[in-house]
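Colleague: I have a model open and would like to learn how to read it. Please take me through it feature by feature.

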Amino acid sequence: MSPMEEFEEDLGEIKSCQPYARRLFWTGATPFAMSYENLKLRALTVRDYLIKCQTMAMFASIRDIKSKEVWQLKKLRAMGINGLSIGTESGDDDTLTLFPDTELYRMEQEGQFVPAITHVPPSYHAKASRALSNFNSSC
């Protein structure tokens, strides 16, 4: 993830183009792998710049979720980090069978964490690229 100074510069640029943005997708590897304190700092900073932002989404892995305490996950969700995209990098059926969702399912069943999980299909990437191009041209 970018240094805080760069993160704030990016937020300032977003604010100048879309001051009432309601959704923000954090990119760059797997942002949810950051520590709770780092995620908290960044979520609160987003709130300072984008006061209407309701959802901060990002890529995450089961390992990233498991490494945080339940109270931390609940706090992050309350701060707006509520759109975790969890998935594999393969569309091959044989490969996908090697990664059952048992850990996530168990966590949800025990009420430890109920993330807003989305699987991003390949067709979405093309749509997202077009939307980003349209957004950039409007600034």
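Colleague: Does H1 pass H2 in a left-handed or a right-handed crossing, and how is that judged?

Modeller: A crossing is left-handed if the near helix is turned anticlockwise from the far one by less than a right angle, and right-handed if clockwise. Here H1 passes H2 in a right-handed crossing. The contact is made by Met4, Phe7, Glu8, Leu11, Gly12 and Lys15 of H1 and by Leu41, Arg42, Thr45, Val46 and Tyr49 of H2. Contact means heavy atoms within 4.5 Å. By class, this contact of H1 with H2 has six nonpolar, two polar and three charged residues. Ala, Val, Leu, Ile, Met, Phe, Trp, Tyr, Cys and Pro count as nonpolar; Asp, Glu, Lys and Arg count as charged; the others, Gly among them, are polar.

Colleague: What kind of model is this, and how are residues numbered?

Modeller: It is a predicted model: local features need pLDDT of at least 70, side-chain atom pairs count only at pLDDT 80 or more, and totals for chains, interfaces and linings use all residues. Residues are numbered from 1 along each chain as its sequence is written, and side-chain values use heavy atoms, with hydrogens and water left out.

Colleague: Which elements does the protein have, and in what order do they run?

Modeller: Helices (H or I, at least four residues) and strands (E, at least two) are DSSP runs, numbered from the N terminus. The protein comes to seven helices and four strands. From the N terminus on, the order is α-β-α-β-α-α-β-α-α-β-α.

Colleague: At what angle do the axes of H1 and H2 cross?

Modeller: Axes are lines fitted to C-alpha atoms, for helices over the stretch in contact, and angles run from 0 to 180 degrees between N-to-C directions. The axes of H1 (residues 4-17) and H2 come within 10 Å and cross at roughly 30°. That makes H1 roughly parallel to H2. The cut-offs: under 35 degrees is roughly parallel, over 145 roughly antiparallel, 65 to 115 roughly perpendicular, and the rest oblique.

Colleague: How do the axes of H2 and H4 cross?

Modeller: Those axes come within 10 Å and cross at roughly 15°. That makes H2 roughly parallel to H4. H2 passes H4 in a left-handed crossing. Tyr36, Leu39, Lys40 and Arg47 in H2 meet Trp71, Gln72, Lys75, Leu76 and Ala78 in H4. The residues of this contact divide into five nonpolar, one polar and three charged.

Colleague: Which residues of H4 are buried?

Modeller: Buried means under 20% relative accessible area, exposed over 50%, partly exposed in between (1.4 Å probe, protein chains only). In H4 (residues 70-78), Gln72, Leu73 and Leu76 are buried. Seen down the axis of H4, these buried residues fall within an arc of 100°, so they line one face of the helix. The arc is that of the directions from the helix axis to the C-beta atoms. The face turned away from the buried side carries the exposed residues Lys74 and Ala78.

Colleague: What do the buried residues of H4 pack against?

Modeller: They pack against helix H2 (36-49), helix H3 (62-66) and strand E3 (81-86). Just after H4, Gly80 takes a positive phi of about 115°.

Colleague: Is Leu50 buried or exposed?

Modeller: Leu50 is buried, with a relative accessible area of 0%. Leu50 is found in the loop between H2 and strand E2 (55-60). Leaving out residues up to four places away in sequence, Leu50 touches Leu11, Ile14, Lys15, Gln18, Pro19, Ala21 and Leu24. Leu50 and Leu11 are 39 residues apart along the chain, and their C-alpha atoms are separated by 7.8 Å.

Colleague: Is Ser67 buried or exposed?

Modeller: At 55% relative accessibility, Ser67 counts as exposed. Ser67 is in the loop between H3 and H4. Ser67 and Ser35 are 32 residues apart in sequence and 8.9 Å apart in space, C-alpha to C-alpha.

Colleague: How much of the protein do buried residues make up?

Modeller: Buried residues make up 29% of the 139 residues.
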